[in-house]
Amino acid sequence: MKAATHLGFNFFFGLSLGFSPLGAAVMTAGGMLPDICDRFIALGSKTLWRSAHRTFSHWPWPYLGAALFLHGPLQIFLFGALLHCVLDALTPTGIPWVHPLGGKWKRGLGLIKTGSFLELGVIAGAFLLWQFTSSAA
Ligand SMILES: [Zn+2]
């Protein structure tokens, strides 16, 4: 998924969960963590980025564990990172489910191709969920 999709989805999904705009912003910032880690590891090298992208930075289990056992803003931040992994799992490339280094363990559902028009649907879905949940309250 593109960065804009992660930003839009996490913000509106955070609002739909009942977070304040600041809480939703924290979740949105956390949603950028996996891709920021990849860029940091690659140190500007496209070759390194291609081999590091969607490996251990996109391994969902540490984020899930942290989101379950931590509290406060750090919990919200890492839950945002977990949502990033979930969205990337919808793409054909997918994420490493079993082994953090990816390789043959990387799987995706193939529902939404990165950069496709359907990414707007992901953002719109979160927006509509927020509208629905805020009007129901
Ligand atoms: Zn990613």
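Is Arg 54 buried or exposed, given its C-beta neighbours inside 10 Å? Arg 54 has 22 such neighbours and so counts as buried. The cut-offs are 20 or more other C-beta atoms within 10 Å for buried, 12 or fewer for exposed, and partly exposed in between, with C-beta atoms placed from the backbone.

The model is predicted: local features need pLDDT of at least 70, side-chain atom pairs count only at pLDDT 80 or more, and totals for chains, interfaces and linings use all residues. Residues are numbered from 1 along each chain as its sequence is written.

The protein chain holds 7 helices and 2 strands. Their order along the sequence is α-α-α-α-α-α-β-β-α. Helices (H or I, at least four residues) and strands (E, at least two) are DSSP runs, numbered from the N terminus. Along the principal axes, the C-alpha atoms fill a box of roughly 45 × 35 × 25 Å. Of the 137 residues, 37% are buried.

Arg 54 sits in the loop between helix H4 (46-52) and H5. Beyond its neighbours within four places in sequence, Arg 54 is in contact with Asp 88, Thr 93, Ile 95, Pro 96, Gly 102 and Lys 106. Contact means that C-beta atoms, placed from the backbone, lie within 7 Å.

Helix H5 (residues 60-69) and helix H6 (residues 73-89) have axes that come within 8 Å and cross at roughly 150 degrees. H5 is therefore roughly antiparallel to H6. Axes are lines fitted to C-alpha atoms, for helices over the stretch in contact, and angles run from 0 to 180 degrees between N-to-C directions. Angles under 35 degrees are roughly parallel, over 145 roughly antiparallel, 65 to 115 roughly perpendicular, and the rest oblique. Among the residues that meet are Tyr 63 and Leu 64 in H5, and Leu 78 and Leu 82 in H6. This contact of H5 with H6 has 10 nonpolar, 1 polar and no charged residues. Ala, Val, Leu, Ile, Met, Phe, Trp, Tyr, Cys and Pro count as nonpolar, Asp, Glu, Lys and Arg as charged, and the others, Gly among them, as polar.

Helix H2 (residues 21-30) also packs with H6, at about 50 degrees and with axes 6 Å apart. H2 and H6 are therefore oblique to each other. Their contact includes Val 26 and Met 27 of H2 and Ile 76 and Phe 77 of H6. It divides into 9 nonpolar, 4 polar and no charged residues.

Note on methods
Contact = placed C-beta atoms within 7 Å.
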